[in-house]
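Subject: Structure for your review

Dear colleague,

Please find below the structure that I would like to hand over to you. A summary of the findings follows it.

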Amino acid sequence: MAVVEESLPNLARNINFLNESNKMIRRKALQDISKDINKRKPDLESSDLQRIFNELLKPLLKEFSDPAESCREQAIELMSELLTIVPGQCEYLPYLIPVLVQRLGQQEIIENSEEVRLILVRLLIKAMELNGKKIEAYLNDVIKILQRTIVDNYPQIKKNSCMAASLLAKTVPDVFHMQSESLINPLLQNLTHQHSKVRVCVLEAIGDVIQNGNGKSVDDVRLHLAQRLFDQVPAVRAAVTNVVGNWLLYLLDRYSYHHKLIPLLLTSINDSQPSIQESALAFWHDIGLKYEKENESDLKDQLDFPEEEPKHFPPDTERPNLGCRVLVNRHLSKILPALVNDLKDWVPATRVQASSLLCVLLLNAERSITQHLQILLSGMFTACKDEEKQVVSNMLKSAKLVGYFVQIETWSHLLLDHICKNPDAASLMILAAIIEGCDRSELHGHLEAICNTLILPDVSYHLQVNVLVELYHCVQSVLSVAKEDCSAVSFQLFTVLITILSLNPTENSQLTEQCQNCLQELADVQELPGASKQLFKEHSPLLLVKLKETHKEWTSQSFERSIFETLLMKANESALPLLTDEITEILSECLDVEKNPEFRLKMMTLLSCAIIEHKPSTEVPHPFSSNALQMVQKMIVPNLIWKAGRIAAAIRTSATSAVWALLQSKAVSNEELISVSSELLPQILSSMEDDNRSTRLISCRVLTRLLETMAACQQIDYDTLHKIYPHLLKRLDDASDDIRVVVATTFLAYFDAFSDDYDTDFYKAHLEVMYQGLLLHLDDSEKSIQDAILNVLKKAGHLKPAMLVSEINKVKHKHRTTIFCDQLLSLFT
């Protein structure tokens, strides 16, 4: 003490002041002690510092419990300074650690100041740094302190406590493993803390605690680490990656936990942050190399005689090293079931992560996928129905990898059987993606089996747009991979595309355009002359034969009917002549009057549209010209017969439209029209009385053409003419002015049909009725009607002018205007 007093005469007095009741005096004494030690010139000798520290140790530790926060804080800071400047290893731990336990390690923490607790934790860290392995004697006490401070409410204390836990684990690993598990639960409680920096510190501490402690704790923290992979803060996800990567490299018991830790690391390979991706890839590469080195004897053959790099491998993708591949192969059976289960999780983010992980696993598994294909496909079918687009996208990437690594005969057996039993969009989606990954040379021998499955009615006959879209993708995949080899299955692909076009809703124009482009591509890869036209010419006859097998059972809802309609409408001028006989036979059966009215209506409409669509050219006659007479006799005329009901009325409208289309396109020759006139004319006259305006209008036009043809061929008798005019006069009273104008045109053709030898005296009564009816409508309120009737009367008057003049004089005074009557009188007198 004498030496100390000589060196620092005020030290003893200041130590005594620490016992004063006034906190200001105690604080002043602490400040003076600090000043005397740190600012003394010249510096104290190390031996003097040692003696001073020994004198101050107990008084300062006593001040750790001072009622005044400022004094406690000053005392702790002074202690920290002394620990730094006092040379050598001092025996202060037996005094310091119990005080820290008393302040921080109780069930109820004695120290109520957050700031003081923080510097106490920092003091503990400094003591551990300075004393190294000597701290192992106080392991239980330090653990007791950390168990309390890790769960402190103050974030800074949490972070420093995590740092202390990491330091303790690294400093005394030989004994730390006995107590490491007691820190896991406090650390896990902070893993969801709202501050990301706290979460990062906790993760780093968990990594060090388990790395240098008991490896069994991996089971306790694994799920918590997996949850942190969903953290919104990249630094947290990076911390998880570093922890797991280091465990897989250096954890003593890592072989026992490979199947639990590998999924966590591989998930980071597809992280949204490039830096995390790079870190995970680097860890994974090093892990694979270390595994190769540690298992060199087991992998000797593979290392000494490495297999050639696969020729068919995903482009722009680096192949994992042998160790990585072997690791995944050996643990895939344990990883895959849990992964497939996660694909069904109710949380979307979990499903996205699981689907992303699957891609990385399959890339590392390569051919080992084969033995797990059943469970893999099952998970894929479910995941492809997911509402999350990212999940579906990842599944397609995984399916493509299956195409790269699994032999076709293996997956085709499983997948095609499944599609036959469950032909949904998900199954077809997987098929299309797998085909994309196949090697062309291997695919060639299986094209027929694949395409024959696609054209099965249970597979391709669907009204759901998503199924049709995936059917298109299957065809597109086959085309893109097989290329010229598609010629062997050209008919099947053509059939699928026509089916999609048939069943695709009209509003989905994008799919229609894609299918048409695909037909063009199918023709191009076969180098067909005339491209898609030649494709139709080659395949339409066979497709029509297949459709004809069931045409007697068709209904308005039949898928085959829709396909027939598409084929008929899209067949070009080179293909259609080859189909007309089959088409006529099918239509004749479908338009039988005993068939369902709705079905007949659709088929009759189809006939009308087909006739209009396929127009003749100057060089080529209408495609239906050779069968037109049969169409009129067997299809149209029977359906013109009047029946009650709106559908029956619609059928008559379509039938008259079909007749008119045939006449307009000149598909029916004059001779054929004359031959069928006796059957057609009565039905046309009947249709002129129809309730439907369109039917009446078209019927009038058909009658006009019929009269013109009969007159030109001089194949009309007077009795027939006399049966027609009452219908025409009646139509002049029609509610539609358009029909009345057309009837006037029909009258012109009607009067042209009278020959010069017509006996006007013998048939005087008929002429009187016609003249009287026409003169009545000459006084119509519509100018267009008056003009039309005037032209008719000018032509009709040549039959018997005197009679017309007589009839005009009888009614002239009743007309609104005599202009038209005067014109006629001046013409015929």
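**Findings**

Ser 540 counts as buried, because its relative accessibility is 0% and the cut-off for a buried residue is under 20%. Please bear in mind that this is a predicted model. Ser 540 belongs to helix H30, which comprises residues 532–548. Its side chain reaches the backbone oxygen of Phe 536 at a distance of 2.7 Å. With residues up to four places away in sequence set aside, Ser 540 touches Phe 494, Leu 535, Leu 567 and Leu 579.

Glu 111 lies between helix H6 (93–104) and helix H7 (114–131), and its relative accessible area is 1%. Two polar contacts involve its side chain: one with the side chain of Arg 72, at 2.7 Å, and one with the side chain of Arg 103, at 2.7 Å. Beyond its neighbours within four places in sequence, Glu 111 is in contact with Phe 64, Arg 72, Arg 103, Val 116, Arg 117 and Leu 120. Glu 111 and Glu 69 are separated by 42 residues in sequence, while their C-alpha atoms are 9.3 Å apart in space.

I turn next to a pair of helices. Helix H13 (residues 218–228) packs with helix H14 (residues 234–250) at an angle of about 145°, and their axes are 10 Å apart. The crossing of H13 past H14 is left-handed. On the H13 side, the contact is made by Val 218, Val 221, Leu 225 and Arg 228; H14 contributes Val 236, Arg 237, Val 240, Val 244 and Trp 247.

Helix H41 covers residues 783–796. The buried residues of H41 are Ile 785, Gln 786, Ala 788, Ile 789, Leu 790, Val 792, Leu 793 and Ala 796. These buried residues pack against four helices: H39 (737–752), H40 (764–778), H42 (801–811) and H43 (819–828).

An unreviewed UniProt entry assigns residues 311–503 to "domain: Dynein axonemal assembly factor 5 HEAT-repeat". In the model, that span is 74% helix and 0% strand, and its end C-alpha atoms lie 40 Å apart.

Yours sincerely

Conventions:
Residues are numbered from 1 along each chain as its sequence is written. This is a predicted model: local features need pLDDT of at least 70, side-chain atom pairs count only at pLDDT 80 or more; totals for chains, interfaces and linings use all residues. Side-chain values use heavy atoms; hydrogens and water are left out. UniProt positions are given in the numbering used here, feature names are shortened, and annotations may be inferred rather than shown by experiment. Helices (H or I, at least four residues) and strands (E, at least two) are DSSP runs, numbered from the N terminus. The expected span of a helix is 1.5 Å times one less than its number of residues. Buried means under 20% relative accessible area, exposed over 50%, partly exposed in between (1.4 Å probe, protein chains only). Contact means heavy atoms within 4.5 Å. A polar contact is a pair of N or O atoms within 3.5 Å; within protein, one must be able to donate a hydrogen and the other to accept it, and residues adjacent in sequence count only if both atoms are side-chain atoms. Axes are lines fitted to C-alpha atoms, for helices over the stretch in contact, and angles run from 0 to 180 degrees between N-to-C directions. A crossing is left-handed if the near helix is turned anticlockwise from the far one by less than a right angle, and right-handed if clockwise.
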